[in-house]
Amino acid sequence: MTETTELYPGKELKALTVGIIGGTGAQGTGLGYRLAKAGFKVIIGSRDGAKAVSTAAEIGNGITGADNTECAAKSDLVIIAVPWDSHKESLTSLKNELAGKVVIDCVNPMGFDAGGAFPLAVAEGSACAQAQGILAESYVVTAFNHVSAVLLSDQSLAEIDIDIMVVGDHKPATDLVQQMVDQIAGMRGIYAGKMRNAGQVEALTANLISMNRRYKTHAGVRVIGVN
Ligand SMILES: NC(=O)c1ccc[n+]([C@@H]2O[C@H](COP(=O)([O-])OP(=O)(O)OC[C@H]3O[C@@H](n4cnc5c(N)ncnc54)[C@H](OP(=O)(O)O)[C@@H]3O)[C@@H](O)[C@H]2O)c1
């Protein structure tokens, strides 16, 4: 895709509509809540439009709901928050609606067994790379992999103390996502490399889940030395 410095000409950051595919789930509702609190217009997406509308009403804060296709079509920027098992199929079905848009992938290819969580091998190298391979006309960025849905949805928390690693090949897109993250109370977006480095960011989630189980917490990451 051609490099552009102005991805959404004439639009202010907070005027962007953020759609969330799989937005009825734990991560999607949490991100939707935080983004709406930060001032973005949010559309929750679902395979079932009626379910999206009722989930949106439950979250409140001006959030609306639509089926995933309408959500992707009406949004400027779209977060993918579906399970890894349905990642490829979901993206393939939305390829046209997502063309020309920034797509934020927070999907962690993860397995669980008696030993806990572990990262799954992905033929393309990462969920992010798989997404970009399918969405050739979109700007795919990985972010929000490490933030717990439980914290995101906890309305007693005014802010979430965490850094969000932002990964992708297209600098205007990663810059935009960092700016967006910075609007969410407590969060800081940090550029963490190109797409070829997305796999270990996704995989690190298995370490965080191990910490959560051992220490009964919702662990996140803070990077030192970046001001
Ligand atoms: N949970 C966390 O703390 C967390 C943290 C960081 C990243 N993530 C990542 O975020 C993603 C979503 O996590 P989650 O915990 O929110 O998952 P989830 O609740 O299991 O699923 C999210 C939504 O995906 C949709 N979905 C389920 N199966 C589907 C299928 N076969 N095809 C299409 N859509 C399907 C469902 O929405 P509809 O039924 O309404 O379509 C569901 O509400 C995961 O990939 C995960 O790795 C999660």
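Which residues does Ile80 touch, not counting residues up to four places away in sequence? I'll answer that before going to the sheet and the ligand. One caution: this is a predicted model.

Ile80 touches Ile21, Gly22, Leu91, Val103, Ile104, Asp105, Cys106, Val107 and Ala131. Ile104 is on that list, and Ile80 and Ile104 are the residues with the most contacts inside the largest nonpolar core. That core has 60 residues.

Now the sheet. Ile80 belongs to strand β4, residues 77-80. The sheet is open and has 6 strands, in the order β3-β2-β1-β4-β5-β8, with parallel pairing. At the edges are β3 (64-67) and β8 (139-142), each pairing on one side only. On average, neighbouring strands are turned by 25° against each other, direction ignored.

Strand β1, residues 17-21, pairs with β4 in the parallel sense over 4 bridges. In that pairing, Val18 has Leu77 of β4 as its bridge partner. Helix α1 packs on the sheet and touches β1, β2 (41-46) and β4. The direction of α1 makes about 165° with that of β2.

α1 brings us to the ligand. This helix, residues 26-37, gives the most to the shell around the ligand, with 3 residues. There are 23 residues around the ligand, and those that come nearest are Gly22, Gly25, Ser46, Ser86 and Ala149. By type, the shell divides into 9 nonpolar, 11 polar and 3 charged residues.

That's it from me.

Definitions and conventions
Residues are numbered from 1 along each chain as its sequence is written. This is a predicted model: local features need pLDDT of at least 70, side-chain atom pairs count only at pLDDT 80 or more; totals for chains, interfaces and linings use all residues. A nonpolar core is a set of buried Ala, Val, Leu, Ile, Met, Phe, Trp, Tyr and Cys residues joined through C-beta atoms within 7 Å. A residue is buried if 20 or more other C-beta atoms lie within 10 Å of its own, exposed if 12 or fewer, and partly exposed in between; C-beta atoms are placed from the backbone. Two residues are in contact if their C-beta atoms, placed from the backbone, lie within 7 Å. A residue is near a molecule or strand if its C-beta atom, placed from the backbone, lies within 6 Å of it. Helices (H or I, at least four residues) and strands (E, at least two) are DSSP runs, numbered from the N terminus. Ala, Val, Leu, Ile, Met, Phe, Trp, Tyr, Cys and Pro count as nonpolar, Asp, Glu, Lys and Arg as charged, and the others, Gly among them, as polar. Two strands pair if DSSP finds at least two bridges between them. Axes are lines fitted to C-alpha atoms, for helices over the stretch in contact, and angles run from 0 to 180 degrees between N-to-C directions.
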